[in-house]
Amino acid sequence: MEAARLMEVVEGPVLPKSVTEESVLAVHHWTDELFTLRVTRPASFRFRSGEFAMLGLMVEGRPLLRAYSMASPSWDDGLDFFSIKVPDGPLTSRLQHVAVGDRLLLGRKPTGTLVLDALTPGRRLFLLGTGTGMAPFASLIRDPETYERYDEVVLTHTCRNVADLGYGASMVDALGDDPLVGEIAPSKLTYYASATREDFIHRGRITDLIDSGRIFEDVGVEPLALESDRVMLCGSQDMLDDLSTLLEGHGFTEGNHSEPGHYVIEKAFVEK
Ligand SMILES: Cc1cc2nc3c(=O)[nH]c(=O)nc-3n(C[C@H](O)[C@H](O)[C@H](O)COP(=O)(O)OP(=O)(O)OC[C@H]3O[C@@H](n4cnc5c(N)ncnc54)[C@H](O)[C@@H]3O)c2cc1C
């Protein structure tokens, strides 16, 4: 009996080779439904700003992992994640309770299509995100390469409620103090936030705001043009479908790693 218990303690749960164990450095709850985590970054973990990796917890001796976009840029020492809290979600019903010092699992292989190399050269970059689809763009707006490649960057974030925009707004506000892009980002980045279910300075779905031309009037920039503009989309399947249709209608073609194009997409989550 004693020997069996000892074995259990010594062996512990088996960590798969595809993950590393990281420590939680900080947690911030933005709303009842959204929070951010900062975790340690292993030296071997290399990624391109905009990519995602698997993140999770050991649950009953087994790894429970979900795809998560890195919300921090590729040069940062730590890793930031921006997360939803799904009340009965297998992972986030637990993940939302982690505290500083807790251990998390991180997949060793980052991947994703929201990377600068998947786009053909252009003058303006549009980053269009809804909900937690802000996460990969929080990474890209802090990467100096974004501003080296584009003269202008237009970041849009659309959420149901105004409070859900808080994380994105704070990322944009802090850009001026950023050690690497603090000089350049504020003059090149235009930020446009809209809420769909509450009164706000800008209201409505991003597809409608683009389709009607409202967003371009509001921020005083030229409408989307194939020659000058490149686009990254991150949101729900409906948002991706609607905006892909709109862009294809203007002649934009979808890109990927092997064949760069005028726009690239990533699901912010998978509807089950
Ligand atoms: C490429 C990719 C990148 C992702 N990046 C992020 C990220 O940066 N941050 C993040 O919070 N999630 C992200 N997700 C979603 C994430 O993988 C999980 O679905 C989420 O953490 C919930 O996990 P869960 O086990 O609690 O619930 P799940 O069983 O995974 O999801 C349950 C249901 O909750 C809803 N849902 C799940 N995630 C979201 C979301 N993000 N926003 C709105 N509704 C959602 C969906 O209806 C889903 O069917 C990403 C998904 C993909 C495919």
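**The ligand shell**

Start with the ligand and select the residues around it. This shell takes at least three residues from each of domain 1 (2-107) and domain 2 (116-267). The domain bounds come from an automatic or database domain assignment. The model is a predicted one: local features need pLDDT of at least 70, side-chain atom pairs count only at pLDDT 80 or more, and totals for chains, interfaces and linings use all residues. Numbering starts from 1 along each chain as its sequence is written.

Now colour the 24 residues around the ligand and pick out Arg-66, Gly-89, Leu-91, Thr-92 and Phe-269, which come nearest. Here a residue is near a molecule or strand if its C-beta atom, placed from the backbone, lies within 6 Å of it.

Switch to cartoon. Strand E4 (62-69), strand E5 (79-84), helix H2 (92-95) and strand E11 (263-267) each give the shell at least two residues. E4 gives the most, with four residues. The element names follow DSSP runs, numbered from the N terminus: helices are H or I with at least four residues, strands E with at least two.

Colour the shell by class: 12 residues are nonpolar, seven polar and five charged. Ala, Val, Leu, Ile, Met, Phe, Trp, Tyr, Cys and Pro count as nonpolar, Asp, Glu, Lys and Arg as charged, and the others, Gly among them, as polar.

**Between the domains**

Zoom out and colour the chain by its two domains, domain 1 (2-107) and domain 2 (116-267). The C-alpha centres of domain 1 and domain 2 lie 27 Å apart. Next, select the contact residues: 16 from domain 1 against 14 from domain 2. Two residues are in contact if their C-beta atoms, placed from the backbone, lie within 7 Å.

Stay on the domain 1 side that touches domain 2. Strand E2 (34-39) and E5 each supply at least two of its residues. E5 has the largest share, three residues. By class, this side has eight nonpolar, eight polar and no charged residues.

Five of its six residues are buried, so E2 is mostly covered. A residue is buried if 20 or more other C-beta atoms lie within 10 Å of its own, exposed if 12 or fewer, and partly exposed in between, with C-beta atoms placed from the backbone.

Five bridges join E1 to E2, and the two run antiparallel. Strands pair if DSSP finds at least two bridges between them. Look for Val-27 opposite Leu-37. E1 and E2 form a hairpin with four residues between them.

E2 and E5 pair in the antiparallel sense over six bridges. Leu-34 stands opposite Ile-84.

Eight bridges join E3 to E4, which run antiparallel. The bridge partner of Val-59 is Arg-62.

Centre on Glu-60, in the loop between E3 and E4. Its phi is near 50°, a positive value in a residue other than glycine. Glu-60 is exposed, with 6 other C-beta atoms within 10 Å.

Now show strand E6 (residues 103-107). Two bridges join E3 to E6, again in the antiparallel sense. Gly-56 has Leu-105 as its bridge partner.

Move to strand E10 (residues 229-235). Seven of its seven residues are buried, so E10 is largely enclosed by the rest of the structure. Show the side chains. Asp-229, Val-231, Leu-233 and Gly-235 point one way; Arg-230, Met-232 and Cys-234 point the other way.

Strand E7 (residues 124-130) runs parallel to E10, joined by six bridges. Gly-129 stands opposite Cys-234. Five bridges join E10 to E11, also parallel. Met-232 has Val-264 as its bridge partner there. Trace the chain from E10 through helix H9 (residues 237-249) to E11: this β-α-β crossover is right-handed. In that sense, with the strands pointing away from the viewer, the path from the first strand over the helix to the second runs clockwise.

**Last stop: Arg-230**

Select Arg-230 in E10. Arg-230 counts as buried, with 25 C-beta neighbours inside 10 Å. Leaving out residues up to four places away in sequence, Arg-230 touches Leu-119, Thr-120, Gly-122, Leu-125, His-262 and Tyr-263. Finish with a distance to Ala-118: 112 residues apart in sequence, 10 Å apart in space, C-alpha to C-alpha.
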